[in-house]
Amino acid sequence: IPGFPPSMFGAGQVRRLPFQEFLDIKHMVGLYALPPGVDAEKVVVYARKQYELGTPFDHYFNSADSSALYCAELVA
C-alpha cells in the first residue's frame, strides 16, 4: 500500500512462541552464540521485560526509538 512501510501490517508486539512453532513458520533461521563478555542473564531479563511490557512492533525500524522494537532490534 503506497505510503506505508512494508512491515506495517505485520506483528503487533513482542510475543513468545514455542521454538518448534517458530521454526515451522520461518524459512531460514540463524542461531548465534552471545559475544564474549555478554551477560546471558541480563539478555534474558531484558527480553522477558519487553514481553511483559508488550513492547510494540517497530514498523519503521527506527533504532533511535526504543519504545517499539523491530525483531532485529530486540535480538541486537
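User: What share of the residues in this protein is buried?

Analyst: Keep in mind that this is a predicted model. A residue counts as buried when its relative accessible area is under 20%. Here, buried residues account for 16% of the 76 in the protein.

User: Okay, on to the fold. How many helices and strands are there?

Analyst: Three helices and zero strands. Reading from the N terminus, you get α-α-α. The helices are H1 (19–25), H2 (40–53) and H3 (71–75).

User: Now the empty space. How do I find it?

Analyst: The general idea is to roll a probe the size of a water molecule over the atoms, which shows where empty space is left. In this model, the largest pocket holds about 1800 Å³. It has 38 lining residues, and those closest to its centre are Arg15, Phe22, Cys71, Leu74 and Val75.

User: Which helices supply that lining?

Analyst: H1, H2 and H3 each give at least two residues to the lining of the largest pocket. H2 has the largest share, with eight residues.

User: What kinds of residues make up the lining?

Analyst: Sort them by class and you get 29 nonpolar, three polar and six charged residues around the largest pocket.

How values were computed: Residues are numbered from 1 along each chain as its sequence is written. This is a predicted model: local features need pLDDT of at least 70, side-chain atom pairs count only at pLDDT 80 or more; totals for chains, interfaces and linings use all residues. Side-chain values use heavy atoms; hydrogens and water are left out. On a 1 Å grid over the protein atoms alone, a cavity is a set of points where a 1.4 Å probe fits but cannot get out, and a pocket is an open set with protein on both sides within 12 Å along at least five of seven lines; lining residues have an atom within 4 Å of a point. Grid points are joined across faces, edges and corners, and a volume is the space filled by probe spheres set on the points. Helices (H or I, at least four residues) and strands (E, at least two) are DSSP runs, numbered from the N terminus. Ala, Val, Leu, Ile, Met, Phe, Trp, Tyr, Cys and Pro count as nonpolar, Asp, Glu, Lys and Arg as charged, and the others, Gly among them, as polar. Buried means under 20% relative accessible area, exposed over 50%, partly exposed in between (1.4 Å probe, protein chains only).
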